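Biologist: Could you take me through some side-chain pairs and a helix contact?

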Amino acid sequence: MENQSIGKNLIYQRKLKGYSQEDLSAKTEVTVRTIQRIEKGDVNPHLQTVKLLATALDINVDELLNLENPKEEAIQKKWLLLLHGTPLLGFVLPFCNVLFPLFLWIHKREDNTLYDRHGAKIVNFQITALLLYALSFVALLTVDKWGFIIFISVVPLCVLIVLANIVYAVKEYKCYYPLAIPFLKFKGSKTIKSVLLLFTLLAFANCVPQKTEGISRLDGTEISKDSLTKKINQLVTDAQVQGVAVAIFDNKQPVYQNTFGYKDFQKKLVLTDSTNIYGASLSKAVFSVLVMKLVEDNVVDLDTPLESYLPKKIYEYEPQTRWHDNYADLQTDSLYHKITARMCLAHTTGFANWRFFESDRKLRVNNTPGSKYGYSGEGFVYLQVVLEKLTGKGLEELAQEIIFEPLQMNNSSYQWIPRFEKDFAYGHMTDGKKYGKDIDNEPRSGSTLETTASDYIKFLTAILNQELLSKTSYDEIFSSQIRIHSLKHFGPDAATTTTKYDAINLSCGLGWVYFETPYGKAVSKGGHGDGFQHYSVLFPELGKGMLIMTNSDNGERIYKELLESAIADKYTPWQWSNYIPYDKK
């Protein structure tokens, strides 16, 4: 009976919003089949599923769940009255303003999400109130005149907030506790022990000198997070970067994450860490890990010619996409059959970056495979196409299975997904005008990644912690495969040789650029497309690193100064990559 009631409520709310079952499925992670079964009353959905549906419909969970009996409303009011009223006992017994509602929250939070939500907010506020009271006592002792006023104001203010919420909760089933620090989360795992630990820390808080939280840089110096934020704001303004996301890693974990500017500069729509960002060649870093996982699983070998895995020549297959799996041009090529997976990942296939860069727009091998570094998206796509034919799975399916799902990169894909439309970043030209958004690409391993700052931080965190792959595989990826002697990465100077970067042993790893520093080896991967410029650098032996993602053609102009300020990275070969600072010609 309860299943049917939830189903009827779901049908009513869905139709009220004008959604089809397919529309609702696209806005959530719930399949169309599951929605159909819920609406038919065939299943009793998990509470998490109900929450996802309620969020997509922009309603409260209670609007989908029915009360089990007519008296439930009165019972709810009594429990809410207890939850919101018991903190007043703190005037009689010390700390009971927290302990009593905490006990009730732990006891009742599984019964109803209403109790869970209200209880957590109450406990958060009461813990915050204790902190405020302690701070007001310090003010009483240290601040003339105003200290006394602050001290005598805290308790009456907190009492008024409690009384107001008692009335508000009983009448509207809602509550509002301003200034509350979110110590506890809804459906959290916090226990009384964690709260008691907080009280202990509070007791000693005034005895311990406060230290500004800082970021430890490569050279052992520190920069405060506030100073770094100010620095980034200054760079974004001076270099006219429309939007940027920055993350810094230490001890193999992100220790600083922030976004600045806009996803749509003209409309002044703010960029966030959940905004979809075109990843450009960051695609290659993800693909390199995917390939090494297949190597570990003995699906492919790094040094076996890829042609040998297929039952017929690559040019004999009928193309399935608009262009990237069309290898008819190789029918007369005498070198392509030597290409291996290692050569594709190390950019030594001899292919141009893309076939349309050739004067006749035809794909060819320009030099003996394995002999020379030459950045090539075509090489990555060639490896992708072979793996797709070998495994019977497309790139997107492989990426979801091997990378995105295990790391819960829920907003990442090698192809555009309609739900990205809700929150995506436009690329911007140097003058702030925006490019049109390209959404019709087939999945390509070298270039079509759609992701978010939050998701890509998960990916880099996993790499620093050597998740997904063995240490041996990561050592292989992050080792010098071939030395790079070019004066510049791209352009005419890419054909000019130099010894300028010999001191850092500039090389190519498997999908990543490799160089050496006084603090150990470093690996980097950038991304460059119309209106999108990204850079990531990791120091695996130190567990440090940095990610910069921008939706601006001015993005690369802040890399040098930002890297030096944030992590004291003076070793990234910015001249080789043509990351010319904004204040230089």
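Biologist: Is Asp 475 buried, exposed or partly exposed?
Modeller: Asp 475 counts as partly exposed because its relative accessibility is 31%; buried means under 20% relative accessible area, exposed over 50%, and partly exposed in between, with a 1.4 Å probe and protein chains only. This is a predicted model, where local features need pLDDT of at least 70 and side-chain atom pairs count only at pLDDT 80 or more, while totals for chains, interfaces and linings use all residues. Residues are numbered from 1 along each chain as its sequence is written, and side-chain values use heavy atoms, leaving out hydrogens and water.

Biologist: Which residue forms a salt bridge with Asp 475?
Modeller: Lys 471 does, with the closest N and O atoms 2.8 Å apart. A salt bridge is a side-chain nitrogen of Lys or Arg within 4 Å of a carboxyl oxygen of Asp or Glu.

Biologist: Where do Lys 471 and Asp 475 lie?
Modeller: Both lie in helix α16 (residues 471–477), 4 residues apart, about one turn of the helix. Helices are DSSP runs (H or I, at least four residues), numbered from the N terminus. Lys 471 is exposed, as its relative accessible area is 51%.

Biologist: How many salt bridges are found in the whole structure?
Modeller: The search finds 21. Another of them joins Asp 360 and Arg 364, at 2.6 Å from N to O.

Biologist: Changing topic, which residues in α11 meet α13?
Modeller: Lys 284, Phe 287, Val 291 and Leu 294 in α11 meet residues of α13, including Phe 380 and Leu 387. Contact means heavy atoms within 4.5 Å.

How values were computed
Helix = DSSP H or I, 4+ residues; strand = E, 2+ residues; numbered from the N terminus.
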